[in-house]
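A careful account for a first-time reader would be welcome.

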Amino acid sequence: MTQDELKQATARAAIDYVVDGEIIGVGTGSTANFFIDELAKIKHRIKGTVASSEATAARLAGHGIPVFDLNDVESIAVYIDGADEINAQGAMIKGGGAALTREKIVASVSRRFVCIADGSKLVETLGKFALPVEVLPMARNAVMRRLAALGGQPKVRTKASSDEAFVTDNGGNLIDVAGLSITDPVALETQINAIVGVVAVGLFAARGADVCLLGTADGVRKLEY
Ligand SMILES: O=C[C@H](O)[C@H](O)[C@H](O)COP(=O)(O)O
């Protein structure tokens, strides 16, 4: 099976976690895109969605699925999203697709977090994937120095087309921190959250996944935390 087929299989399995008549939180990225396409087939069963990025909102709207502003929603039944890495405790690195801050906000108001990922995303120790951190642009270099002091190698994410800093949906910049071996994800998340100028860190540990649906060659494996 190709990686895309594994992503599609996990996205299809996530439909079982959609709660009828409710608002569904929807993540960002290639696996989440497969989920959106599956959700379109049962859109009549849900009240609507809250999107974690402009790209996800556009894809949902393209399918005719209602997208609500989070400010108009009191609670979200379930949040369904991919991950760049996930460990055996349900802690994740997210943000490869630049959407970590809105993902974290939507996840924080969701009653359940279902992670959908192909099997390659399951790791023993988080950190091989460079950890994304969203910062306010004026604090970029100051935050980089603090992140370097934590032992990582921080690098500003640039636009695909130039050396200019990439700008997120929120007007922030991203710093990707390579070379971390994250043995205590909750502690590191707390430490990075405390750096002034940081908007959000792509470490989802204090509020990790409740369920992970892993696409493998032997079928979709379910991990519960
Ligand atoms: O910002 C992007 C998100 O955190 C994605 O969930 C993550 O990057 C995984 O994306 P993909 O499903 O494309 O591997």
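## Strand pairing

The model is a predicted one, in which local features need pLDDT of at least 70 and side-chain atom pairs count only at pLDDT 80 or more, while totals for chains, interfaces and linings use all residues. Residues are numbered from 1 along each chain as its sequence is written.

Helices (H or I, at least four residues) and strands (E, at least two) are DSSP runs, numbered from the N terminus, and two strands pair if DSSP finds at least two bridges between them. β12 and β13 form a hairpin, with two residues between them.

| Strand pair | Bridges | Direction |
|---|---|---|
| β6 (residues 113–118) and β12 (residues 211–216) | Five bridges | parallel |
| β12 and β13 (residues 219–224) | Six bridges | antiparallel |
| β7 and β9 (residues 173–178) | Five bridges | antiparallel |
| β5 (residues 92–93) and β11 | Two bridges | antiparallel |

## Two open sheets

Four strands form an open sheet in the order β8-β9-β7-β10, with antiparallel pairing. Its edge strands are β8 (153–156) and β10, each of which pairs on one side only. Neighbouring strands of this sheet are turned by 25° against each other on average, direction ignored. Within this sheet, Pro132 has Asp176 in β9 as its bridge partner.

Another open sheet has three strands in the order β4-β5-β11, and its pairing is antiparallel. β4 (85–86) and β11 (203–204) stand at the edges with a single partner strand each, so one side of each is left without a neighbour in the sheet. Met92 has Phe204 in β11 as its bridge partner.

## Helices against the strands

α4 lies across β7 and β10 and runs at about 70° to β10, whereas α6 also lies across β7 and β10 but runs at about 165° to β10. For these angles, axes are lines fitted to C-alpha atoms, for helices over the stretch in contact, and angles run from 0 to 180 degrees between N-to-C directions.

In helix α6 (residues 185–193), Pro185, Leu188, Glu189 and Ile192 are buried, a term used if 20 or more other C-beta atoms, placed from the backbone, lie within 10 Å of a residue's own. Seen down the axis of α6, these buried residues fall within an arc of 105°, so they line one face of the helix; the arc is that of the directions from the helix axis to the C-beta atoms. Among the elements that cover them are β7 (131–135), β10 (198–201) and β11.

Arg59, found in helix α3 (residues 54–62), is buried, with 21 other C-beta atoms within 10 Å. Leaving aside its neighbours within four places in sequence, Arg59 is in contact with Asn33 and Ile36, where contact asks that C-beta atoms, placed from the backbone, lie within 7 Å.

## Around the ligand

The ligand is surrounded by 17 residues, of which the closest are Gly29, Gly82, Lys94, Gly96 and Gly97; a residue counts as near if its C-beta atom, placed from the backbone, lies within 6 Å of the molecule. α2 (30–41) and α4 (100–108) each supply at least two residues of this shell. The shell divides into four nonpolar, nine polar and four charged residues, where Ala, Val, Leu, Ile, Met, Phe, Trp, Tyr, Cys and Pro count as nonpolar, Asp, Glu, Lys and Arg as charged, and the others, Gly among them, as polar.

Conventions. A residue is buried if 20 or more other C-beta atoms lie within 10 Å of its own, exposed if 12 or fewer, and partly exposed in between; C-beta atoms are placed from the backbone. Two residues are in contact if their C-beta atoms, placed from the backbone, lie within 7 Å.
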